[in-house]
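This briefing goes with a protein model. Please keep the sequence and the structure at hand while reading the points below.

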Amino acid sequence: MPINWIGLIIGVGIIGIVCLMISCFELHHLVVTEYEIASVKLAKTWDGYRIAMLGDLHDNEFGEHNEQLIRAVKEANPDIICIVGDTMVVKEWKKKDFSITETLLQALSEIAPIYYANGNHEMRMQVYADQYPGWMEEFQRILHQYHVNYLVDDTVKLNKDGKTIALSGLDIGDEYYRLKGKKKIMEPHYIEQKIGLCRADQFHILLAHTPLYIEDYEKWGADLVFAGHFHGGTIRLPILGGVMSPQMQFFSRLDRGLIRRGMTRMIVTGGLGTHSINVRLNNPPELVVVTLRSGDRKDQCQKRKRVKKGK
């Protein structure tokens, strides 16, 4: 039986158009995913402590001035907000424009204290300052103006009723992002040299933009890692998962969700935007909300909740 090429081409075209329409819808309709993370290192005073985690916005907007995203964060009632980088797009073809970043940080700063770690885009405008003149200075002005805690290879202690947990931001070097389709082996003691030792008796949260180095985060001793960078795999297929990361890792199991390695838990956000490949399919933009629990309990992941338009 001969192949009906015209019918096949029309069928493929219709499927492509439908997928494009779904992708356009997904790009601007986010979901909230909630987790509960428990540890015997957490004193009872930390039970119920809530963290909103954002990453990879890449200048995307959800409603006018990102009002849907801001409302979703506010409704989550977080004690702190953690941003794992790439709020903006830093590329040769992109003009310097931090208006979306500034509007968002201004609004978020009125909800809860913000802790911000570099992604590869923030790192890029610092490492290649000649290529992006004035970009880092403008970004730092915004951070300072809205009292954002900028963690570049730095650690702070969060205190509640005299009990502390540690929060670090790791600024991973450009050499760990450059390889496409391959993983550069992280140098021994790399994290320790950048942000010091991780105390075994204290709960420690690490903001590390790329999830690719979970083995190194676990060796260092992080209890909870927040990461992004992989954009949820761009297109997600049933069973197979995410198709491709920005560094051309295909069908990685590190692209979205809760990943366990030893005593380390890593939560990878699917991200909130895109840049060079402006496509999402079966991969909605995501705001992550984490509730800490004290004691020896089982970690939980609740169902995603789609954020609706309007109030």
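Strand β2 (residues 50–54) runs parallel to strand β3 (residues 80–83), and 4 bridges join them. Helices (H or I, at least four residues) and strands (E, at least two) are DSSP runs numbered from the N terminus, and two strands pair if DSSP finds at least two bridges between them. The model is predicted: local features need pLDDT of at least 70, side-chain atom pairs count only at pLDDT 80 or more, and totals for chains, interfaces and linings use all residues. Residues are numbered from 1 along each chain as its sequence is written, and side-chain values use heavy atoms, with hydrogens and water left out.

**Strand β2 and its partners**

- Isoleucine 51 has isoleucine 80 as its bridge partner in β3.
- β2 also pairs with strand β14 (residues 286–294), in the antiparallel sense and over 4 bridges.
- Valine 289 in β14 is the bridge partner of alanine 52.
- In β2, 5 of its 5 residues are buried, where buried means under 20% relative accessible area, exposed over 50% and partly exposed in between (1.4 Å probe, protein chains only).
- In a regular strand the side chains alternate between the two faces of the sheet.
- Arg50, Ala52 and Leu54 point one way from β2, while Ile51 and Met53 point the other way.

**Histidine 204**

- Histidine 204 belongs to strand β8 (residues 204–208).
- The relative accessible area of histidine 204 is 5%, so this residue counts as buried.
- Beyond its neighbours within four places in sequence, histidine 204 has contacts (heavy atoms within 4.5 Å) that include Thr155, Cys198, Trp220 and Asp223.

**The whole protein**

- The protein contains 8 helices and 16 strands.
- Its radius of gyration, taken over C-alpha atoms, is 20 Å, close to the 19 Å that the globule rule gives for 311 residues, so the protein is as compact as a globular protein of that length. The globule rule is 2.2 Å times the number of residues to the power 0.38.
- Along the principal axes, the C-alpha atoms fill a box of roughly 75 × 45 × 45 Å.
- Of the 311 residues, 54% count as buried.
- Among contacts with a separation of 6 or more, 74% are between residues 24 or more positions apart.
- The accessible surface (Shrake-Rupley method, 1.4 Å probe; for residues, only the protein chains shown count as cover) comes to about 15000 Å², and 56% of that belongs to carbon and sulfur atoms.
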